[in-house]
Each structure stands twice: as structure tokens, then as C-alpha cells.
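Have it on screen as you read.

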Amino acid sequence: MLGGVYGVMSVGLTLIFGVLRIPNFAHGEFLMLGMYVTYWFVVFTHLNPVFSIAVSAAVLFVLGYFFQSQLLSRVSRQGEVPQIFLTVALSIFLSNAAEILWGSNYRIVPVSYTSTTFHIGLVSVYAPNAIIFAFSLFLAGLLWFLLNKTHTGLAIQATAQDPEAAQLMGTDIKKVTAVSFALGAALAAVAGSLLAPLYPIFPTVGSYFILLMFTIVVLGGLGDVKGAFVGGTLISVVLSVSSIFVTEDLGFALVFIMFILILVLAPQGLFGKTVK
Amino acid sequence: MLQVKGITKKFGGVAALNSVSFDVGKGEVFAIIGPNGSGKTTLFNVVAGFHKPDGGSISFEGKDITGWQPFRVAQAGIARSFQNTRPFPDLTTLDNVVVGALTRHRNIREARSKAEEVMATVGLGGAAGMQAKNLSIQDRKRLEVAKAIATSPRLLLLDEPMAGLTGEEIPDFVSLIKRLNESGMTILLIEHVLYAITKVADRLMVMDNGNKLAEGAPGDIMNDSRVLKAYIGEDDA
Amino acid sequence: MLRLGENAYWAMGLVLLPAAAYVAVPEYFSVVILMYYYAALGSAWNILGGRTGQLSFGNSAFLAVGAYTSTLLFLDYHVSPWVGMWVGGALAAVTSLLLGLTSLRLKGPFFVMSSFAFVQVVQLLLAHFTNITNGNVGLVLPLTDSLADMESGNPLFYGYLIAGILLLAVSVNYAISKSKTGYFLSAIREDEDAAKALGVNTARYKALAFVTSAFLTALIGTFYAQYLLFITPTATASIPLSIQIAIIAIVGGRELWAPVLGGIMLEGFAFLVETLFPAIPGLNFAVYAVLLMAVIILSPSGVYKYVREHI
């Protein structure tokens, strides 16, 4: 079930890094902002956090669009280095801006459903996890459909693979890139909203997730939505299995060592989809 | 000097090279021609160690160099140029060449004088202090050759050194290749400019679709009907 | 000859500054120490990140290796940190060599990610093995004020200790820039395949750059431990610190004195913001981030080059 949590986190990054090839090190902070939006939404409206998804997605869509079209696009022709540092700078800026605005204390979304458990046969299911799992399946399916079955999605893929050819074929590549980046940011926000009732919220929570997200995206094969989902599940299995033998912190260490090895030995992901 | 035997290279099941064999003798200028996508550059990449072959062997001066890493192939005495020119863009033109020379000289001063000598040979002397990224296409082509010959190779692989050059640039380059050859370098050349090939090549190999089609003296090859067909086929496309 | 002149001015300035600050503004002396500390870290990073173009966000892991090695040797075996710092350096060199054998094959963002993962692993391990490292509680060094233990009651000692390490890091950079290795490292940064084609054993030279950078960073780790007399996994092997190190060198640039300028500038900046707005934690980093974005977009090769060309 926890696989859904990791899966939903990485869907947006699959689009931004996997498809667009923008190494977005601010993705964790997009998630963090999504969590805060949900927190304030619930505090002010007392509604179910699920309703905040539309708000957080909209906020991050606008932020993502602005960041890509106004800043990232200026260095997109200079290779990866400036893109890495711009997104790193954004991540530092957002987490510190969050600290300035809302302090560094942990915040918990005041919501009732977090403790609900229901039973299916012998399996007891924790309600929020079930919601997240269902949602992440839905989102992954939606993104897969968008990328592979719609005109826009094909334009996004064409732009990512060969910008010049896409431009020749009449695609407005600047707009397509900005919109896809914004969409990826919005997906991160949705994940944040879904996770908000489950995790404490604090300004640097994003840095806690960013490596796991990259691990999952690489593990699944860059740009492979289904792969990222399987990757997420796999990571959660490794984490829970290793927790039987060693403590949780060593489990994370194991995942990161695995990550380095995967990057080196199987950079095309576990499912062998050839890149380039 | 260079023996290539039965080299096969596949990309995802598709054979880019299909059991290609040829020999290059010491002191020769050996040219490879063929339409785009016929496998010429892939063959270069295999010889220079950038691709590992799926079958066959390559030996150089009696040593088996099959599957060696690119830097070892270069150290053994084979230098290559890249078709799409690969300068070190932020370094000066001279420093680009010094890097090549340093693989043979321990001392920076020696490498620098070697590099200056090479720059004069290829006609780049005036551009020494310029950043490589600001060079004209012609000078980038010269730099590509200069970097390679600064490593004092005994075999020089040139991948379309004259593509993109115009008019009087071509005879200039042809005479450069002749001079290099006369100074003792064996040369393996991929080229589309037929005028250049007939001027410099001692022998010629024609490739099509990953296969070796023919081999012989330039005069004979140019009259071969299969070669004409391969070329006419390309011109139609 | 202008270059030599510049080097002499910088070196003189760096030697005089601690004494001058100690006399004129003793209450702010720690700012000078921090400036030198970050300048040294940036300069060590520059060997791999600037010259070779392998962006590491993992250098703080080697700071931790240095700090923990000399501290544990001192606490458990009474080995002086003067000796321990070189042991730490050697250990960091070995660690980076082992890591480099696998991760240096990665390029661009993938190397960045592997370096992130590496810091996390080092931090988790330091926190986990509490019987050796005392976990997240950290290790405290005894206050002896004895020069033999690399301690002193006089802050000038620490000023000149870090000035010495900084000048060592700059000298190593200088020696590399004037050597064959330096030429090969810049060729690798500019186009690794083209460098290979010329016969450069790129894997070996990248590993050499990584090892040198890690070694110098570990020496700074020992300084850190001796200056604060208190180390924790999260304060040493930390991603934010690693990022900060990289930012210093990116904002400064990759020329010899550029990371030094970067370190002095950014620490000066952080100090100003903290002094002017002491009540807003996080503001200095937010300003840092904006500064970084501005430099990347307006002057991607760094402030040092911009200053030399425009002023």
C-alpha cells in the first residue's frame, strides 16, 4: 500500500525529468508547497483535504509555468549544469521562504479520517493509504493516457526527443515545455495534498522525499509512467522487507546504495527500455 | 598495418555492420565511401574503440586491439577526427591542440611547441589565442585534424574532414592530407567529396547498408556498376 | 606577470586579514574564519566540480569523514588531530576512490543524484552506529586549549589554521592548472569523448580529481571539529551544506581565486542579512538562492570573471 505513496510522488517527476529531461531538484519543494496548501485549506474551510487538490494543483501549475517560462527557459540551450543549479536554487528559495512565512515547526492537518481502518477479509486497510493508492493509480493512468494517446501528449514527447523537428512540424515548443513543466509541478502538488494528512508538514520535508523520487523515476526507466509506478512499489517493498532485518534508517541507506548501483549498472531502468 | 576481419555490429538486432573486412597497408591512403547510413562512421567507431563489435577482430601493427577502450587505441597510435567536429569549446585553439600533444609529451613546454608546429602545418597559426567555440566551420575542421595529429599517430582516421567546405578550401585540404601522408602517416578516410578521393586515395572501399560492396583502385571502383547504383540510389533520395 | 602579481596580492590579503580583523573588529572575528572555511571548501570542490565538470553535491560527506576520523582517533586512541587530520584525508581519499570507481561513470544530473545519495548514506551510517559515533547526539571534544591537541584559547590560531588550509587548497589548484593533469581535466569537462579519442585515460584523471578534492575537504573537516569541538552527522554529512559548497564555487567561478571570492562574498552576505534581520531565520538562504539564480542567468561563468572583465 505504501507503494502508492511513493508512486504518486514520482508521477510528476516522471513527466519533468523522465520526458522533458529537466533535472528538477525543486520537485520535493513543489510537493511541500502542495502539503502546505492543503494544510491551510483545511484550517480555513474545515472541509475534507481531498477538496484542496484542485487548489494546490492550480497554485503549483502557475508557479511551475512561471518558473519554466521566465527562468529555466533562459538557460535551456546551455546544457544541464545551469538547469541543475537553477532548480537547486529554487528548492533552497522555496524551503526557506516557507520557513520565513510559516516557521519551521511541524504542522499536522487537523482531519478525522486519518485514523479510520476498514477490513477486507483478513486484510485491514488504513483508509488514507487506500485513498492515496487509488488516486495514484488514477493519476498514473491519466498521465499515461495523456502522454501516449492524446495529441498534446505526443507533442510533449516529440518536443522532448527532438525539439528542432517538433518545431518544424509546427509545435510551439516553448509553450509545450512550459505547460508540461507546469503540469509536472501540479502533479507534485496533488501528491503533496494527498500526503498532507499522513505526514507532518515542515519547510524541508521535500528534501526528505527528493532522492526517493529520483530513485523511483530512474528505476522505472526514464519517462516510463508504468515503470515509475512499479519502481515506487518496489522501493516500498525493499524498505519494508529491510525493516524486518535492519532498522529503518539502514533500510534507507540500502535503497540509496541500490540507487547508485542502478544508476551505474542499469541506467536504462530495471525494465530495459532503451533511452536515446 | 591495420587488419579488420569480419567486423559485425548490431544495434537492437539490426546489423549496422555485417562482417566487414579490409586491410590498410603502411603508408597508404585508404578511403571508404558509401551513402549515408551505410555504416562508415559505425566502422570508425568500432576501430577507434567507441563501439564494441559483436563479432570479428581488429589488429594494429600486429597487436589485437579488438574491444580496447578508446584512450588505449589512441595511445597505441591511432588518432581519429569526428565528423561533426568535437573541439573543447571553452579552451583556446592552441590549448585544444596542446591537450593532444600532452598525450605524447610529459613536459608542457614541449607539448606547446609541438602544438604550435601542428597548428602551422594545418594553417591555424593565426587563430591560436581564439576560443575554439568562436572558430569558423573551416577552422573547426582544421582544428579537428590538428588535435588528432598532435598525438603523433601512425594511423589517422578522418571522418568526412571536408564536409561543409567549399570551393578552394577543398584542394587546400587535399594537399594537407597529401603532406601528412608524405610525412609518414597512414590515413583511413571517410569522404563524400569524390574529387578529393580521386586525388588522394590509393585504394577505395565502398560500403552499402552495412556491407562491403567493393574494394580497389579509385579508377576501377568509379566504373563499377554496383557502386554507381548505390550512389545513384542516394542521389534520388 | 600580471597573474603572479594577482596571486601575491590575494595571498598577502588572506594572510593579513585575520590579524587586521582581530585588532580592529574582534567581535566579528568568527566571520573571517567562516569566510575562509567556505572559501577552502569551495576551492577543494573546484578541483572536481569546476575543473573537471563533475558536479558533486556530496562533498560534505568527506568533511564528515575528516571530522569523525580525527575526532575518534583523538577520543579513543589519544592520537593528536595534527596526525588525525592526515589519516582522515587518506581515509576520504580511499572512500572517494571506491565511490568514484562506480559513480564517476555517471554524467550530469545522474552524478549529482549519486552524490546526493552518498551523503545520505554517510549521514545515516554515522547516525546508526551509535556505539562508535554516539549517533545523532554527536561527539564532544574536550577543551584542553593545548596546541598539541590542535586547540587554543586564542581565536587567531584558528584563523591562521584555516588560512593555511585555504592556501594549501589554492596551491593544489594552482599546481593542477599548470600541469598536464590540468589540461586533461579541462578537456574532460569540455568534451569527455573527444578527450578519450586523443588518448586521455579519462576515468583515471577524473578519479584523481575526485580523490584530491575529497582529501582536501577532509582536512577542512578536522579543522571544523577542532574549531567547534562538537560534531554531529547532520551538521557534517549534510545535503544543505554540500549544496552550499557547490554554490560558492558556482557563484565565484572556476578560476584560481574565484571560489575564494565566492566564499568570502556569500559568507559576507549571509552575515549582513543575519545582522540586519536577526529575527527572520531562513532569510539569508532565501537571499542566497536569489543571488544564485541571478548569477546563473546573468553571468554563468561566475562573479570573478565578470569582475575581471567589467571592472
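**Notes on chain C and a pocket**

1. Let's begin with the surface of chain C: its accessible area comes to about 11,900 Å², and 70% of that belongs to carbon and sulfur atoms. Keep in mind that this is a predicted model.

2. What is chain C built from? It has 15 helices and 2 strands. Its radius of gyration is 19 Å, close to the 19 Å that the globule rule gives for 311 residues, so chain C is as compact as a globular protein of that length.

3. On the inside, 60% of the 311 residues of chain C count as buried. Looking at contacts in chain C with a separation of 6 or more, 77% come from residues 24 or more positions apart.

4. Now for the second largest pocket, which holds about 1,100 Å³ of space. It is lined by 33 residues, and the closest to its centre are Thr204(A), Ser207(A), Tyr208(A), Ile239(C) and Pro240(C).

5. Which helices supply at least two residues each to the lining of the second largest pocket? From chain A, they are α4 (80-102), α9 (205-220) and α11 (248-265). From chain C, look for α5 (108-128), α12 (239-252) and α14 (283-298).

Notes. Residues are numbered from 1 along each chain as its sequence is written. Chains are lettered from A and ligands numbered from 1 in the order in which they are written. This is a predicted model: local features need pLDDT of at least 70, side-chain atom pairs count only at pLDDT 80 or more; totals for chains, interfaces and linings use all residues. Side-chain values use heavy atoms; hydrogens and water are left out. On a 1 Å grid over the protein atoms alone, a cavity is a set of points where a 1.4 Å probe fits but cannot get out, and a pocket is an open set with protein on both sides within 12 Å along at least five of seven lines; lining residues have an atom within 4 Å of a point. Grid points are joined across faces, edges and corners, and a volume is the space filled by probe spheres set on the points. Helices (H or I, at least four residues) and strands (E, at least two) are DSSP runs, numbered from the N terminus. The radius of gyration is taken over C-alpha atoms; the globule rule is 2.2 Å times the number of residues to the power 0.38. Buried means under 20% relative accessible area, exposed over 50%, partly exposed in between (1.4 Å probe, protein chains only). Contact means heavy atoms within 4.5 Å. Accessible areas come from the Shrake-Rupley method with a 1.4 Å probe; for residues, only the protein chains shown count as cover.
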